[in-house]
Amino acid sequence: MAKLTHEDILAYLEEATILELNDLVKAIEEKFDVTAAAPVAVVASDAGAEAAAPANVTVTLTDVGATKVAVIKAVREITGLGLVEAKGLVDKTPAEIKKDVPAEEGAKIKEQLEAAGATVEVK
């Protein structure tokens, strides 16, 4: 029996149809008692590496600062609350402003509140 060269095998694979390749894979699996499987990437964990950033966060107003009116306006804009409700929320500091929001949105909210003079915690 003549042996196929590497080039012969590659030439066949380039010209074979999907059905022919599927039949070839099945025949190899049966002949050698193996299973064709896609490789799986495994990421090694590093004990000193930082933990992955959370997908969702809660933004908490921890201090109003000197510009309470500006913070109330920012809270109104962020939450869509009315003036009285936003003031009530700010008066209850520390208070959750937004809960279970994407981390990117949480960072934007924090930036907005800090620009108004507040102190904010994102967890």
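Modeller: Gladly, and please keep in mind that this is a predicted model. Let us begin with T60, which, leaving aside its neighbours within four places in sequence, is in contact with P94, A95, E96, I97, T119, V120 and E121. T60 sits in strand β1.

Colleague: What makes T60 count as buried?

Modeller: Its relative accessibility is 17%. Buried means under 20%, so T60 counts as buried.

Colleague: And why is V34 called partly exposed?

Modeller: V34 has a relative accessible area of 40%. Buried would be under 20% and exposed over 50%, so V34 falls in between and is partly exposed. You will find V34 in the loop between α2 (18-32) and β1 (56-63). Not counting residues up to four places away in sequence, V34 touches I28 and E29.

Colleague: Back to β1, then. In what order do the strands of the sheet lie?

Modeller: The order is β2-β1-β3, three strands in an open sheet with antiparallel pairing.

Colleague: What makes β2 and β3 the edge strands?

Modeller: β2 (95-102) and β3 (119-122) each pair on one side only. On average, neighbouring strands of this sheet are turned by 20 degrees against each other, direction ignored.

Colleague: How do you know that β1 and β3 pair?

Modeller: Two strands pair if there are at least two bridges between them. β1 and β3 have four bridges, in the antiparallel sense, so they pass that test.

Colleague: Why are α3 and α5 called roughly antiparallel?

Modeller: The axes of α3 (residues 68-79) and α5 (residues 103-115) cross at roughly 155 degrees and come within 8 Å. Angles over 145 count as roughly antiparallel, and therefore α3 and α5 are roughly antiparallel to each other. The crossing in which α3 passes α5 is right-handed.

Colleague: Which residues meet there?

Modeller: From α3 come V71, A74, V75, E77 and I78, and they meet I109, Q112 and L113 of α5. By class, this contact has six nonpolar, one polar and one charged residues.

Terms used. Residues numbered from 1 in each chain as written. Predicted model: local features only at pLDDT ≥ 70, side-chain atom pairs only at ≥ 80, totals over all residues. Heavy atoms only, no water. Axes fitted to C-alpha atoms, helices over the stretch in contact; angles between N-to-C directions. Helix = DSSP H or I, 4+ residues; strand = E, 2+ residues; numbered from the N terminus. Parallel < 35°, antiparallel > 145°, perpendicular 65-115°, else oblique. Left-handed = near helix turned anticlockwise from the far one by under 90°. Contact = heavy atoms within 4.5 Å. Nonpolar A, V, L, I, M, F, W, Y, C, P; charged D, E, K, R; others polar. Buried < 20%, exposed > 50% of the residue type's maximum accessible area, 1.4 Å probe, protein only.
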